[in-house]
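Subject: Structure handover

Hello,

Here is the structure you asked for. Please open it next to this email and follow along.

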Amino acid sequence: MTGSPTASRPGTGGWSLAGINPVWPLLAALVAAIVFMNPGFAEPTGYMNFLKRAAPLAILAAGQVYVITSGGFDLSQGSLITLVVVGSSMLTDNDPAATAWVIPVMLAIGLGVGAVNGAIVCFLRVPSLIATLGTMITLNGLAFLWSGGAPRGYLPDTFRFFGRELIHDVPLVRFVPVSVIVLVVVVGALAWAMHRTNLGRMVHAIGDNPVAARLAGVPVNRVRVTAFMLSGLSAAIAGILLGGFAGVSTDVGTGYELEAITAAVLGGAQLLGGRGSVPAALGGALALTAIFTLLNFLGLPQPVRQVVQGLILIAAVALAMHRRKRTGT
Amino acid sequence: MKLILSAAGALSLSLAPAQAQNFNDPEEFAKQQEQLQAQPNGPEGEPWLQYIGDGMVETGDLGIEAPATVCFSNAGVNNPWRVVGFTNMTEELANHQSIGEFIHVDAEGSDDKQIADIDDLLAGGNCDVMIVSPNTTAALTPAVEQACESMPVIVFDRGVNTDCPVTYVHPVGGYGFGIEGAEFIAGELDEGDNVLMLRILPGVDVLETRYSAGRRILDEAGLNVVGAEFTDGDNARTKSIVEDYLMRGDIDAVWMDAGATAVAAIEAFEDSGYEIPVFVGEDQQDFLRKWEEEGMTAIAPTYPTYQWRTAVIAAARVIEGEALPGPEWVLPQPAITEETLAEYVNPAMPPLHYAMCGCETMETYPEAWGGN
Amino acid sequence: MSLAAASREPTGDGFRFDRWAPLILLGGAAAIYVAVAVATGQTQYLTLDNLIAILGRSIALGITAIGQTFVILAASIDLSVASLISATAVLASVVMDGSAAMIVPAIAAAIALGALVGLANGMIVSVLKVNPLIATLGMSLVIQGCLSAFVSNFAGSVPPAFQVFAYGQIGAVPLALVFLLSLAILAWAVLRFTKFGSDLYAVGGNEEAARFAGIKTGRVVLTAHVICSVCAAIAGLYLASRLRSGAPWIGADGVYDLESIAVVVIGGTVLAGGRGGIWGTMAGMLIFSLIDSVFNIAGVDTFAKQVLRGIIIVAAVAFYAIRSKRIVA
């Protein structure tokens, strides 16, 4: 690893650029605007609800950023969420005690799907865009096939605990949603692995220049498969939170993969690899959720939200490219 | 970008006359309001065989030999309502000796694909009768007209803009659905009370009519509609929207144009620490169960899935040369009320099962519908 | 989407696998179709009428995929085609509004909108250097938002004279099929015989080298995007004719964005750019049509269909890619 040309670069993506990652000022401005529009947002109920809502997307983006940094895409996250919610309802089958083994099974499914994605890319040499498009379609079909189109069970309260419950009597903030704790733990772990371990450096290296990384002795395939597995795991966790928050439905995950990619890119991750940061992806996810919240408060209809989302997406990347050109990186 | 916006602006100017499709038709509103009250013809207790109005079509002898091949072009089974309906349909087939082969093609929610599917069936399906559940009314009209030229066609759920099919099977309709929920709310609330309206998405004919009818009645009753929001049929979004509204003020009733996300909306009240207000849901089991458990004040208008049975029955009658209600076979569209709730709620059935399926007496019930 | 596109794998002297692979896949699909029809005793599906019905199944997808081939050859991609199809279909049907006299202006307006969107896409990609995936995803959101702001259902109508495009026949052959074939021949000729065609392959194969060779790479990418968007506009016109009107969801419902990419890739055009061609894309379209028809004949369960379709996409692409020695991501 020591020979890798990128090993010396700190893995914190945006932070290494001139000054601060623009996602943070953006987020701060959005939050200020929301508070100005609706002072209730500064109360615990306001911002905790906001964090609770942003948690699944933030976790997804933190996983997605591994794959993006390694040079690929994971389009299968959304349908993996659906599979997890539908599958959990099938497996628990109204038995509250089943949660204890169903959740590990779901996490294993997430890791497994990630491993399959990684294997298709590494060993069948199918580009990840197509590989994960294939898994996306397949997983959606599997979710329906498994349940026959109508999931059998309700999700028991023990399962829904993670996405729905609040922990009361917390000092300073009065209460904390369980999903926010999950968010902190998962994103914290993913950030640590990305920016403080050898794995993170290798993920950056294979995204930056796979040939050089291989020559430097990086086990390219193993690192790539790991990145996909972490992305799958994050989708499984997001699925458990979403199922907990809102219950069973057959289209929970639809569209989440693109939102996760958008969030990662807002956080300065570079598509096709080499640059990406977990904290910044978290910032991107929060900013995206804040944009939606703000547009909601402004009472703007759905179409306007789409236009704004599209423009912001293009602008964010164009701006990043401009900065990169200027700073010569 | 500016160019696109201005192009879109120009488009909007030219659109005013084009938006002719009327989802707020007072005549249709009045007709469906009347049909809700009408006494249907046909056997008591078997609403899938009943019909409102007296129109019949004689099919005479079309020279179809039993057992005949029935082809079904399905818009999709992309939501639980259609899954339940399709199960009703396949189970109903067992009741008809005159139907031999049943060919099902699924368009997966795409107009283009459904037109191609019908082409395929006409080119090589050896169909004797065709059943079509159109993905959209306007787009499928030419394909249905083409099918009519070579065989009897039965249309159900959404209609087509042609009277060439033998009959068009459908329940009372969207206005009726909207009326039942809104009248219930109007009866429970006082003038000036706050109502939140939740809708799935704009533009879909059967949903727009529900909304326009519901809105008309709520407005006439002097209720204050605090908002009409689109949920995309997504549980998480529904819950978030209701939570946001609760942060801004009280809600005395929730009207929904479809009940799929009703439980998520109820949970938003529970999780935010509010009493559950008056609710309009639909006949999905999860809502009915919640209603019973919490002792809510609620109603469940239905868009009965038993119409999928009726479509098969109509096909069988055509094969056998019998008369059948037509050119429209209008089925009754009962709402589930507090009095009838106990008949429909069934914990053995899956949460997304639609209770008004008319399937309880069928042999394979409840296993075929995913029940225990 | 490989970064190591510089090393090309050697092609055999006698049998050029790359060249024949789409045909092999198509032959396989056709053989399966015949086998299923015979095995299920439904030989009525083996007539000329049926062949034409299959060929005519995916005209809109075929037209879109021809355009998509150009951008993918240039190592770009276009995710905005689905919303553009909806937009142009609605625009055309609104401008016509049932009047035969307005057919020409409507066609002109739709093509102009297509060209405009292509121009915008191309500029964002080649001038602002925004990753094409993000650029066109953003554009897609903008188009869809603008469109849904004004229309929410079928709008306008197409006069009978224009319905000839989708429903007209020349003898036993649908007019639209003849049109698609002509368009494919035109596209093939452009790629094969014009300077732009050879420049396109050069830019897609290695942009730096192409730039050093004096090719105006930005202009080539821009042109490819304009061609792609104009093709999508034509697909929109075809759908307006076929559905007798335009609605803001027809593009998204047909999943023309991801499916057109899948068709191109199954046809052997490499996602990294520079290799492939129109006839492969046509083979890819036919493979899709054959798969659909096989599913219909065999009466495959709807949900199993999805599972199989996902696996087929991955397997077909693996069929080409597995022999590659390059690192993909």
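In chain B, B:Ala262, B:Val263 and B:Ile266 of α9(B) meet B:Asp286, B:Phe287 and B:Lys290 of α10(B). "Meet" here means contact: the C-beta atoms of two residues, placed from the backbone, lie within 7 Å. By class, this contact has four nonpolar, no polar and two charged residues. Ala, Val, Leu, Ile, Met, Phe, Trp, Tyr, Cys and Pro count as nonpolar; Asp, Glu, Lys and Arg count as charged; the others, Gly among them, count as polar. The axes of α9 (residues 262-272) and α10 (residues 285-294) of chain B come within 8 Å and cross at roughly 35°. Axes are lines fitted to C-alpha atoms, for helices over the stretch in contact, and angles run from 0 to 180 degrees between N-to-C directions. Helices (H or I, at least four residues) and strands (E, at least two) are DSSP runs, numbered from the N terminus.

A word on the model and the labels. This is a predicted model, in which local features need pLDDT of at least 70, side-chain atom pairs count only at pLDDT 80 or more, and totals for chains, interfaces and linings use all residues. Residues are numbered from 1 along each chain as its sequence is written, while chains are lettered from A and ligands numbered from 1 in the order in which they are written.

How far can you trust chain A? Its pLDDT (the predictor's confidence in each residue, from 0 to 100) averages 89, and 93% of the residues score at least 70. Residues 1-17 of chain A stay under 50. The model has 48 contacts beyond four places in sequence for that stretch. Where pLDDT is low, the predicted coordinates should not be read in detail.

Now the strands. Which strands make up the open sheet of chain B? There are five, in the order β8-β7-β9-β10-β11, and the pairing is parallel. Two strands pair if DSSP finds at least two bridges between them. β8 (224-230) and β11 (298-299) of chain B stand at the edges with a single partner strand each, so one side of each has no neighbour in the sheet. β9 (residues 253-256) and β10 (residues 278-280) of chain B pair over two bridges. There, B:Ala253 stands opposite B:Val278. Helix α7 (residues 205-220) of chain B packs on the sheet and touches β7 (194-199), β8 and β9 of chain B. The direction of α7 makes about 175° with that of β7(B).

Chain A has an antiparallel pair. β1 (residues 166-170) and β2 (residues 174-177) of chain A are joined by three bridges. A:Leu166 has A:Pro177 as its bridge partner.

Some backbone values deserve a look. Most residues other than glycine have a negative phi, and most peptide bonds are trans. C:Asp97 has phi near 45° and lies in the loop between α4 (81-96) and α5 (103-126) of chain C. C:Lys129 has phi near 60° and lies in the loop between α5 and α6 (132-150) of chain C.

Chain B has cis peptide bonds. One runs from B:Ala66 to B:Pro67, with omega near -5°. B:Pro67 lies in the loop between β1 (56-57) and β2 (68-74) of chain B. Another runs from B:Gly326 to B:Pro327, with omega near 0°. B:Pro327 lies in the loop between β12 (324-325) and β13 (328-331) of chain B.

Last, the chain contacts. Chain C puts 42 residues against 46 residues of chain A. α6(C) gives the most to the side of chain C that touches chain A, with 13 residues. That side has 32 nonpolar, eight polar and two charged residues. The contact between chains C and B takes 39 residues from chain C and 37 residues from chain B. On the side of chain C that touches chain B, α5(C) supplies the largest share, four residues. This side divides into 21 nonpolar, 12 polar and six charged residues.

Best wishes
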